[in-house]
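Reader: I have a structure to study and some questions about it. Can we go through them one at a time?

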Amino acid sequence: MHTQDNRRTAAEVLVDQLIAHGARHAFCVPGESYLAVLDAFHDRDLAITVCRQEGGAAIMAEAVGKATGQPGICFVTRGPGATNASPGLHIARQDSTPMILFVGQVAREMRDREAFQELDYRAVFGSIAKWVTEINDPARIPELISRAFYTATNGRPGPVVIALPEGMQSEHLTIADAPAFEPVETWPGLTDMVKLQKLLWAAANPVMLVGGSRWSQSACAAVARFAERFALPVATTFRRAHLFDALHPCYAGDLGLGVNPKLLARIKAADVIVAVGGRLGEVPSQSYDLFEIPAPRQSFVHVHPGAEELGRVYHPHLAINASPTAFAAALEGLQPPAEIKWREETQAAHADYLAWSETPTDVPGGLNPGAVMVWLRENLEPGSIVCNGAGNFNTWLHRFYRVRGYGTQLGPAAGSMGYGVPAAIAMQRLYPERRVVALSGDGDFLMHGQEFATAVQFNLPVIVLVCDNGLYGTIRMHQEREFPGRVSATTLRNPDFAAYARAFGGFGATVEHTADFADAFCAAEASGLPSIIHLKVDPEAITPTTTLAKLRAQALAKSKG
Ligand SMILES: Cc1ncc(C[n+]2csc(CCOP(=O)(O)OP(=O)(O)O)c2C)c(N)n1
Ligand SMILES: [Mg+2]
């Protein structure tokens, strides 16, 4: 609140900066270390989502950053609040997502005595965050918050951490707000684009890989038009399937975990690779096996907004330092060759993708997660958003769901369990009119499942699908491959997840047979409540293509041979 002489508390100035820079939401768990900020929330136009654990709050902020390209905002208390928030920061780091985490800090006059819950955030988050600072002088709030928005979004986006000492937040001052930040585009040079055109004109079978962040709906549409004009096959990299319409005639598939072997063969056989936006990290590069390091055999074009990523792992034949949004716009100026030699290859690549994703494979047990994914792809309204966490249950999503639009599928490329529920809650807060589904595993769900209470508190009708196989299945899979028959710490005894939903004030249903899924989903929708559908998955159904028993037998046979 402004006083008569226009003085505001530092905390009020801070919250006003967030609003001036375009923030509409903040996610938090309160703490006595930032009471003045909580007070500033009281009469300001910022939607606050109070959460149950800082990990969930930080993931929600990361999901906002991922979906909108604007920094997601999270507030937590010092010490345990800050360390609890670290998963969100780590995901933002690995997934190149803009976010700003504010942490209450001990009063300035107590610093360095290891006061109650005191931490040095520069040291704690130094290797996770893109930038860490502490604001000691309230007069620098407009400057430092403006810098935080620029730093989080510029180049390769990432997380920023700002510590707010307690007494500082309550000081009064008169100061003007900073002007709204504008994300800085990095444009490709004309020479870069001419070189790219030449490479493509000389190519025999090029492939484009899209990934990373700094995309938008119009940038994705521009890439789709480019792909069509050049008849260029396009694959999306791990957990970036929303960047290219799965039913576009140029879509070649998802380069993540459990990849279609035909897609891998195509990429290996390509003579030109155009990798746009991503880093081609461990998962899409198939444990750094897909391309030679440091110099790929193919002509390797790497387009990335962060100059420091170019040449970091792969020696690029052509390095283009550009944000995907700017690069996509520049693609409109390229002309395809008079005769496109690879047109039939592209048609074959899309046909391979359709065949790979069309029909669920047979798996043991009454409930086939692949069939559930096919039902969702055929029945969810366009624009529905599916959020997922980490675990083998996702292999069915990535293979069978067919993502159709920008921002309609959010997952952690960082592979952090528990992502789905908080991300879904954040998406439902942002887009109340859209259907939002979270896909979780039984292990995965309980990492941040308590945020279901947040969904209930804010009347957010997310529908959570919990794939319960009674296992930390992914790890059991690796265990059976490497230490067959020696089960260790991978079995779970689970609660009744439908009853859990009801206990929180939501809707719950249990499904044991594929045929019953549609009715359960429709009942969840009809309830209008946050819902959990407990899917009983046979533990043997470990992936769409193999079982635990087969993995064990193969590993035992190998060790004997
Ligand atoms: C926060 C976190 N802790 C641990 C892991 C390691 N991990 C990866 S998948 C997995 C098991 C996932 O189990 P569940 O959610 O039940 O899915 P399932 O693999 O059984 O389908 C574990 C423990 C991780 N990726 N993230
Ligand atoms: Mg499981």
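Reader: Where is the place of Ser96?

Author: A caution comes before the answer: this is a predicted model. Ser96 has a positive phi, near 55 degrees, though Ser96 is not a glycine. Most residues other than glycine have a negative phi. As for its place, Ser96 sits in the loop between helix H5 (86-94) and strand E5 (99-105).

Reader: Which peptide bond is cis?

Author: Most peptide bonds are trans. Here is a cis one, with omega near 5 degrees. Its proline, Pro294, is found in the loop between strand E12 (272-276) and strand E13 (299-304). The cis bond runs from Ile293 to Pro294.

Reader: Which residue forms a salt bridge with Asp16?

Author: A search of the whole structure finds 25 salt bridges. In the one with Asp16, the closest N and O atoms are 2.5 Å apart. The pair links distant parts of the chain, 28 residues apart: Asp16 lies in helix H1 (residues 10-20), its partner in the loop between H2 and E3. That partner is Arg44.

Reader: Which are the edge strands of the six-strand open sheet?

Author: The six strands run in the order E16-E15-E17-E18-E20-E19, with parallel pairing. An edge strand here pairs on one side only.

Reader: Over how many bridges do strand E17 and strand E18 pair?

Author: E17 covers residues 436-441 and E18 covers residues 463-468. Ala438 stands opposite Val464 in E18. The two strands pair in the parallel sense, and the number of bridges is five.

Reader: Which helix gives the most to the shell around ligand 1?

Author: Two helices, H17 (442-448) and H19 (473-482), each supply at least two residues of the shell. One of them gives four residues, the most of any. That helix is H17.

Reader: How many residues of that shell are nonpolar, polar and charged?

Author: There are 17 residues around ligand 1. Gly415, Asp442, Asp444, Gly473 and Thr474 come nearest. The shell divides into seven nonpolar, eight polar and two charged.

Reader: How much of the area that ligand 1 exposes alone does the protein bury?

Author: Look at the contacts before the area. A nitrogen atom of ligand 1 is 3.3 Å from a polar backbone atom of Met417. Its oxygen contacts include one of 2.8 Å to a polar backbone atom of Leu471 and one of 2.7 Å to an N or O atom in the side chain of Thr474. Taken alone, ligand 1 exposes 590 Å², and the share of that buried by the protein is 76%.

Note on methods
Residues are numbered from 1 along each chain as its sequence is written. Chains are lettered from A and ligands numbered from 1 in the order in which they are written. This is a predicted model: local features need pLDDT of at least 70, side-chain atom pairs count only at pLDDT 80 or more; totals for chains, interfaces and linings use all residues. Side-chain values use heavy atoms; hydrogens and water are left out. A residue is near a molecule or strand if one of its heavy atoms lies within 4 Å of it. A polar contact is a pair of N or O atoms within 3.5 Å; within protein, one must be able to donate a hydrogen and the other to accept it, and residues adjacent in sequence count only if both atoms are side-chain atoms. Accessible areas come from the Shrake-Rupley method with a 1.4 Å probe; for residues, only the protein chains shown count as cover. Ala, Val, Leu, Ile, Met, Phe, Trp, Tyr, Cys and Pro count as nonpolar, Asp, Glu, Lys and Arg as charged, and the others, Gly among them, as polar. A salt bridge is a side-chain nitrogen of Lys or Arg within 4 Å of a carboxyl oxygen of Asp or Glu. Two strands pair if DSSP finds at least two bridges between them.
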